[in-house]
Amino acid sequence: MANITRGGQFLVKETLSQNIFTPEDFSEEQVMMRDSVKEFIDREIWPNKERFEKKDYAFTEECMRKAGDLGFLGVAVPEEFGGLGMGFVSTMLTCDYISGATGSFSTAFGAHTGIGTMPITLYGTTEQKNKYVPKLASGEWFGAYCLTEPGAGSDANSGKTKAELTPDGKHYKINGQKMWISNAGFCNVMIVFARIEDDKNITGFIVEYDPNNSNGITLGEEEHKLGIRASSTRQVFYNDTLVPVENMLAGRGEGFKIAMNALNVGRIKLAAACLDSQRRLITNSVKYANERIQFKTPIANFGAIRSKIAEMATNAYVGESASYRAAGDIENRINARLAEGASHQEAELKGVEEFAIECSILKVAVSEDVQSCADEGIQIFGGMGFSEDTPMESAWRDARISRIYEGTNEINRMLTVGMLIKKAMKGHVDLLGPAMAVGEELMGIPDFSTPDYDELFAEEKALLAKLKKAFLMVAGSAVQKYGTELDKHQQLLMAASDMLIEIYMAESAILRTEKLVAKIGEDAAKIQIAMTRLYLYHATDIINNKGKEGIASFAEGDEQRMMLMGLRRFTKYDNMPNVVALRDIIADKVIAENEYCF
């Protein structure tokens, strides 16, 4: 495993394009899976969008059963427990294409397969897995995940729900209340987190739910929500609910660990779940722009609209690039662990945990892109976009939750930098060496020669290397200044995090496109090259702004002046791209194809 990528290392080690996984690398089996999922969505979900908007919870459940019949609920479940046992990339792919039509169904799917089934698959005993997982994989039973409480949202370990051992030692008695529980209205199994006595950490339990024999479990009314309207979301109350002791998940006090690891997987899957909705939003927007005539011409001919289409397509392309790059890295890591003799449980847990930084980066970046995509979609549709007769307004409402669940984007932003620093302290990622080298470079005399940028992406890669230095300069100085107190400076962490996010996303696009060019040639990939350059242009701007904000907020005098000078140097193009020309190349293609076509 010596040469295998580690999480967070993208910042300090060069990644070669031939070593990353891209959507162009899907196997035949994966393409077949993708097509069958798309066919299911186009047949069962997309034509019935209105039923979801009218809160038809029974219809959501019916569609989930159909997804179960087709095997989609068991993609990530090992074959011995009734699943398809497919690799991590295939589970990402299924999650991506099953989530594009409506947030209601995608939330039900994600809550069931991710946080409903997965904790048992990854933490359950053989008996627990044999008992529950086959029913969950087939859709005979549905799962829910009960972590959030009225007083415990982002601070997941602060829950008040109690579990008390009965005098005969055979059951735990659970009392408490959970809220915002997805799938509560039709689930048969709940993963419930409760605290035993005054334990520091919560404990996980597998709790069966049968409305005919409630066992002290009552459900609140369905919540009235801004979006994801046909996703069943209720409060759940436990009143002396008895759970057999053998239904404890993992060990006592290990619930917090289960919750955190389930969220890592949930985060990268959530990024995947925001991809196909972007593709569909772009396709719908372009079709409308080609048909809508104003001032005697289709609005797709207007620069203001073309700019939107180009930016929407670029963000979707980059989101795909980064999501599948991370999924491929995780799968490689899992396979390496399996080859060393680790169990499926251990391999998968450690594989995802290794890339927790990337999972948080993706969650933030892609959830914000889908919101902006839906927002621009409404704008392209104009007044019609605001009407329930077009799919834009429901997409906009559905997108809004993705910045909140699986840990808010603010929490995830702080986690990215916090986890990176932790990895550095453990010696898993060498940040100190490169950060000190950047400091020395700032003291030295800059190189004013103009490099030779003949090769494709030579300038972009040189710029990317400088952007990494900008992050190391800002984050390194902040760590030196505040040390372990850094987590108290949230605004600073957020600024550093935005720099880190843009580096990962821009690099992923460069690597995907470079790999594609090696396969089909520069001319055939000219649109992808344009999208990559356009994204890097924006990323450089964001890194410059956030770096400036950070430096201005914690450095002063000579130190501040020197760092600002360094930031200018690290965010400077030798040859600025023609932004309008790049957008025109992209828009021409998407408008001519009348759909998102990459």
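Predicted model: local features only at pLDDT ≥ 70, side-chain atom pairs only at ≥ 80, totals over all residues.
**Entry 1: cavities**

I began with a search of the whole structure for cavities of 30 Å³ or more, and it returned two. The largest cavity has a volume of about 50 Å³. I put the second largest cavity down at about 30 Å³.

Which helices each supply at least two residues of the lining of the largest cavity? I found helix H13 (409-426), helix H15 (458-482) and helix H16 (490-520). H15 gives the largest share of that lining, with four residues. I listed the lining residues of the largest cavity as Val417, Ile421, Val474, Ala475, Ala478, Val479, Leu486, Leu492, Leu493 and Ala496. By class I counted 10 nonpolar residues there, with no polar and no charged ones.

I then went through the lining of the second largest cavity. Tyr453, Glu459, Ala462, Leu463, Lys466, Lys572, Tyr573 and Asp574 make up this lining. I sorted these residues into four nonpolar and four charged, with no polar residue.

**Entry 2: strands around E3**

I next looked up the partners of strand E2 (residues 162-165). E2 pairs with E3 in the antiparallel sense, over four bridges. One of the pairs I noted has glutamate 164 with lysine 173 of E3 as its bridge partner. The two strands, E2 and E3, form a hairpin, and five residues lie between them. I checked the turn and found glycine 169 with a positive phi of about 70 degrees.

E2 also pairs with strand E4 (residues 189-196), here in the parallel sense and over two bridges. In this pairing I noted alanine 163 opposite isoleucine 196 of E4.

I followed E3 (residues 171-182) to strand E7 (residues 233-244), where the pairing is antiparallel and runs over nine bridges. Glycine 176 has tyrosine 238 of E7 as its bridge partner. Which residue of E7 is the bridge partner of isoleucine 217? I found tyrosine 238 again, as the partner of isoleucine 217. Strand E6 (residues 217-219) pairs with E7 in the antiparallel sense over three bridges.

**Entry 3: helices H7 and H8**

I took helix H7 (residues 255-273) and helix H8 (residues 275-291) as a pair. Their axes are 4 Å apart and the packing angle is about 15 degrees. I recorded H7 as roughly parallel to H8, because the angle falls under the 35 degrees set for that class. On the H7 side the contact is made by Ala271, Ala272 and Ala273, and on the H8 side by Leu275, Asp276 and Ser277. I classed the residues of this contact as four nonpolar, one polar and one charged.

**Entry 4: helices H4 and H9**

At what angle do helix H4 (residues 88-98) and helix H9 (residues 303-339) pack? I read about 145 degrees for H4 and H9, with the axes 8 Å apart. From H4, I listed Phe88, Val89, Ser90, Met92, Leu93 and Asp96 in the contact. From H9, the contact takes in Ser323, Tyr324, Ala327, Gly328, Ile330, Glu331 and Ile334.

Notes:
Residues numbered from 1 in each chain as written. Heavy atoms only, no water. 1 Å grid on protein atoms, 1.4 Å probe; cavity = no way out; pocket = protein on both sides within 12 Å on 5 of 7 lines; lining within 4 Å. Points joined across faces, edges and corners; volume = space filled by probe spheres on them. Nonpolar A, V, L, I, M, F, W, Y, C, P; charged D, E, K, R; others polar. Pairing = 2+ DSSP bridges. Axes fitted to C-alpha atoms, helices over the stretch in contact; angles between N-to-C directions. Parallel < 35°, antiparallel > 145°, perpendicular 65-115°, else oblique. Contact = heavy atoms within 4.5 Å.
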